Each structure stands twice: as structure tokens, then as C-alpha cells.
Amino acid sequence: MEPGLGPQVESFREARRNLEASVLPLATSVDGRRFSFQASLYGLQLPVGGYVVLEGDGTARLGQVITVELDRLSTDVLLPGHTGGAPENRTQVQVRLARGEGTILDGDPAPFHDALVRAATGAEVHAWLQRSARRDAKLPLGTLALAGDVPCLADAGGFNRHTFLCGQSGSGKTYSLGVILEQLLLETGLRLVVLDPNSDFVRLAEMRADADPALAGRYQDAARGVAVYSAGTPGSRRLRLHAADIDPATQAAALHLDPIADREEYAALAEFLAGEQQPTLETLAASGNPEARRLGLRLRNLGVDRFGVWAGAEPGSVLDAVHDQGARGVVIDLGSLPTHEEQSLVAAVVLGDLWRRRHERNPVLIVIDEAHNICPAQPPDQLVAAAAEHAIRIAAEGRKYGLYLLVSTQRPQKIAENVLSQADNLVLMRLNSLADAAFTKAAFSFVPPSLIERSVTFRQGEALIAGKISPQPALLRFGARISEEGGADVPATWAAAR
Ligand SMILES: Nc1ncnc2c1ncn2[C@@H]1O[C@H](COP(=O)(O)OP(=O)(O)OP(=O)(O)O)[C@@H](O)[C@H]1O
Ligand SMILES: [Mg+2]
């Protein structure tokens, strides 16, 4: 290095440091709704989704940061000469700073210029939430991720829209879904029907030993109305169906019957179903109609007659509970059924029956965990297609009859597009790819894309919540469960150091 250049490089660095540190945190809004801001990168505390206070013109507004980016601008600096030879030198310097945009949540709706920006305190965010609270019940789901210990309160009334819960495996969907269901039980009168493919909610009515004692009594009361239907449970809570309760199209789907390709057998089935007696293997085998005998063979070959889900001589079925307005929650333990066919059959029958009786207009939240198995984008067989069709119909038209969906899955593209496109609420947990984030952005265009992108950085239990349940999108950390989790993750004791 030339003599004297070292001190000049140091002068350059110092000049740049001073310039970068002196960028004022200032915000401007031309419409009073959105704002643009700049800030120094030193001590930057304005993360995407975080809350800020904008102070100027003698007033303070509360805002939320929606984007933050690194920006650069060039300016000239004059570097002093140094003994040892380096002359005075004018040079260009790139000043790096943060720039971003946000929405104004509260305060004077007039445009403003050069308001000072600072991170809001938890108390300021809390005060705003209390001011803007609607009369609907509030569901404390956890804490806001970027505002200290401020509780995140979802609007219970927003569950009168369909809700989409998404996140990669292990992101905490099922755990968090449990938190939502517990709060709905505690704080609202909304009935729940849960299609539970992994037996995760079979202990929804059982308190954890470490549950908040203040809630324990209330929860016990609320959960008393939860009925769990499992295949292995003896007595009235056995998960069972009567063939007579199943509509002909779903029966045909269970028998892999195509109305065109298998028209004769299909007609024989329709004829039997129109009669007084349910067809049994015996009646079919003894029938004079060769198509009926063929139907009997089909039934036996597919093993449909051996399904454990048939009620047989036992009265009643799970459908009674689904429509029993006295039952606050019905957990349908699909995970207890031994075959995929039986799981799909029960899902199709329950969804079909809820739709069939829609005119009764009894509000119910239909919860479908692992929804890609029940209403997938590409159904693998007729039975799943039947279940998906019912879900799609409920997604499109159920709302006006009080049929609200809450569907949960790992990737947005795995569920039927016509279900996804009808969701007005989003609970987004960690996604493992930007491709999934891009898909979610397209499906939920009302949510700022930069907030959705943040999901790839979420830790377990963190989520973005948006829509009618949270008119201002919020980043939250789900709180602790009150009830026991069901199907536990496989323990990782095999990985313990030896
Ligand atoms: N907020 C939380 N606090 C404590 N434990 C949690 C939390 N969220 C998730 N877990 C635990 O992490 C594990 C995985 O969570 P969970 O089963 O909810 O994930 P998931 O997203 O439903 O995964 P999958 O898609 O595979 O079903 C579970 O053992 C659960 O108990
Ligand atoms: Mg799960």
C-alpha cells in the first residue's frame, strides 16, 4: 500500500460509518394508510411483521412493518490529505441503509411526512389491540412473536369463514390446531366435528397435569360435551355406520362401481338400495339376478363386508353424534380404523351427511387434519373422490348454512384447489420451500407476500395468522395446550448419546 493511503482508507471507513449511523428513522405516508420508511442498519429493530410507532405533527400512529430491504445510495465524501504523501481526495461512497414499507394500524388517517419511526413497546401494541377489539369473543392463542408478551387474540367470529392451516411436517400444526379447538370450546358455543386421521384429538377432553389451573375448571366443563368415537371403544362410542345411512353414490364408490362401465351391477345395487332390506352377502348370493350375485362377489372380494366399521345389530351410528346439538364436539377417530377405505368411507359419509342436512342451519366447524387424505388435489380412488366432492361443495356453499371448514395440511398444493380457494382465513406455520410460499401467496392475495415469505424462517409453534380471524395479519407463537395430545410423535431416544 502506498504510504499515507492507510490513514486515508481509515478516513473513508469512518466517513461511511458516520453517514450510515446518521440515517434517521423517518416515515412518510401519502395516503395515511401505508407508509414508506428509511432507517439506519445500526441497531435496526424493524422486522417484517413487527410493530412501530410513527411520531410527528404532535401525534403518534401505530404501524406494522410489511417489507424491509437493504438499500444503497451513493454520495461524495472529501477525504483529507495525510502526511506521507496522500493528497486530499474526493471519492464516492456507497451508504447502506434499510428501506421498507408498512401499514398504518391506528391513529390520525391524514398523510404525513418525516415522522420518526421506532419499535413499539408491548404496552403500546396491547393498548391498540384493546382499543380495536370487536365485541366477538376473543381466543387467546399465544403471544405476538414481535411484541414482547402481548397476547395474540383471534376473533372467534371469524371462524364463520373457512380456515386453512398449513405448515411442513413437525411445524406444529396439530398441536396448534388443538390450541385453537380448546379455545373455541372455552370461549364460544360453536360445535366442532373433527375428522382425526392420526388419533391426535382423542384426548381433547383430558386435562394435562401441568395445565393452567385457572383454566382447568372451565375447560373441564367445556370439554364435558366432547364425544370421541373410536373403532376399538366398546358400546355407544364405537365408531360405526349403518349401510342404510350411506347414500347410493358413496355405496357405489365403496364397491368401486362405475355407473357407466359397470352399469348392470350398478343398477342391481340401486334396485337393492331402493328396497326395504339392506343387501347382505347372503341375500345377494341367493338372488336370482346374476348381477346381484356378481355384486355379492364384488363385495366379498373387496372385503367390504368385513369392514369393522359396520354397526351390525347395534343401534345408532356416529352420524347421530354429528347432528346431536347437545354434543359440543365430536372427535371422529379415523386413525382407529384399520384401512384407508374405511377412513375414506367414514369421511365421505360424515361430510355428505352434514351437507345433506345443511338446511337445518346448525353452525358447526368441520375440522379436517391431514386434509390431503380427505380432499386431495388428485383423489386416488372413488371413495376419496366422493369425500373430496362433499368437501368442495361445503367449501363453496356451506358457509351460508353454517358449515365452516378448518382444513390442515403440509403443502398448499396437496389439497383440492376448490377448497383452498374458498378459505378466507390463513394460519401459516413453517414452510420448507419458497415454492410453497409462492403458492400460498397466490392463493391468499389479501395477505402481504413478505409476511408469507417469513414462514420459511419460523420455528416450531410460530405462525402467521390472517383473515377474518385476524383482520391485521399477525405473527404469533402458539401457547401451551390445556388438553393432552393424542397420537404421540415417535420418541427419538435411539439418537441419545451413548
Ligand atoms: N407450541 C408447541 N409447544 C410445545 N410442543 C410443540 C408445539 N408445537 C408442536 N409441538 C410438538 O412438536 C411435535 C410436532 O408437532 P405437530 O405434531 O403438531 O406437527 P405437525 O405440523 O402436525 O406435523 P405433521 O404434519 O407431521 O402431522 C409434537 O410432538 C408436538 O407435541
Ligand atoms: Mg399433524
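**Charges, rings and a ligand**

Reply: The charged end of Arg 358 sits over the ring of Tyr 401, 5.6 Å from its centre. A charge sits over a ring if NZ of Lys or CZ of Arg is within 6 Å of the ring centre and within 35 degrees of the ring normal. Arg 358 also lies over the face of Trp 355, at 4.1 Å from the ring centre.

Me: On what basis are such values given?

Reply: This is a predicted model, in which local features need pLDDT of at least 70 and side-chain atom pairs count only at pLDDT 80 or more, while totals for chains, interfaces and linings use all residues. Residues are numbered from 1 along each chain as its sequence is written, chains are lettered from A and ligands numbered from 1 in the order in which they are written, and side-chain values use heavy atoms, with hydrogens and water left out.

Me: How many residues surround ligand 1, and which are the closest?

Reply: A residue is near a molecule if one of its heavy atoms lies within 4 Å of it. Ligand 1 is surrounded by 14 residues, and the closest are Ser 169, Lys 173, Thr 174, Gln 460 and Glu 485. By class, this shell has one nonpolar, nine polar and four charged residues. In that scheme Ala, Val, Leu, Ile, Met, Phe, Trp, Tyr, Cys and Pro count as nonpolar, Asp, Glu, Lys and Arg as charged, and the others, Gly among them, as polar.

Me: Which side chains have an N or O atom at a stated distance from an oxygen atom of ligand 1?

Reply: A polar contact is a pair of N or O atoms within 3.5 Å; within protein, one must be able to donate a hydrogen and the other to accept it, and residues adjacent in sequence count only if both atoms are side-chain atoms. For Thr 174 the distance to a ligand oxygen is 2.8 Å, and for Glu 485 it is 2.7 Å. A polar side-chain atom of Glu 370 lies 3.3 Å from an oxygen atom of ligand 1. The protein covers 74% of the 630 Å² of accessible area that ligand 1 has on its own. Accessible areas come from the Shrake-Rupley method with a 1.4 Å probe; for residues, only the protein chains shown count as cover.

Me: Where does Glu 370 lie in the chain?

Reply: Helices (H or I, at least four residues) and strands (E, at least two) are DSSP runs, numbered from the N terminus. Glu 370 lies in the loop between strand S13 (364-368) and helix H11 (382-397).

Me: Is Glu 370 buried or exposed?

Reply: Buried means under 20% relative accessible area, exposed over 50%, and partly exposed in between (1.4 Å probe, protein chains only). Glu 370 has 17% relative accessibility and therefore counts as buried. Ile 366, found in strand S13, counts as buried at 0% relative accessibility.

Me: What is phi of Glu 370 near?

Reply: Most residues other than glycine have a negative phi. Phi of Glu 370 is near 50°, a positive value in a residue other than glycine. Asp 57 has a positive phi of about 50° although it is not a glycine. Asp 57 is placed in the loop between S3 and strand S4 (59-79) and counts as exposed, at 62% relative accessibility.

Me: How many aromatic pairs does the structure hold?

Reply: Rings of Phe, Tyr and Trp (its six-membered ring) pair if their centres lie within 6.5 Å; planes under 30 degrees apart count as stacked, over 60 as edge-to-face and the rest as tilted. The structure holds six aromatic pairs. The rings of Phe 35 and Phe 37 have centres 6.0 Å apart and planes at 40°, so this pair is tilted. Both of these residues, Phe 35 and Phe 37, are buried. Tyr 51 and Trp 128 form a tilted pair, with 6.0 Å centre to centre and 45° between the planes. This pair links distant parts of the chain, with Tyr 51 in strand S3 (residues 51-56) and Trp 128 in helix H2 (residues 122-132), 77 residues apart. Tyr 51 and Trp 128 are both buried.

Me: Which backbone nitrogen does the side chain of Ser 433 reach?

Reply: The side chain of Ser 433 reaches the backbone nitrogen of Asp 436, at 3.0 Å. Ser 433 is found in the loop between strand S15 (423-428) and helix H13 (434-443).
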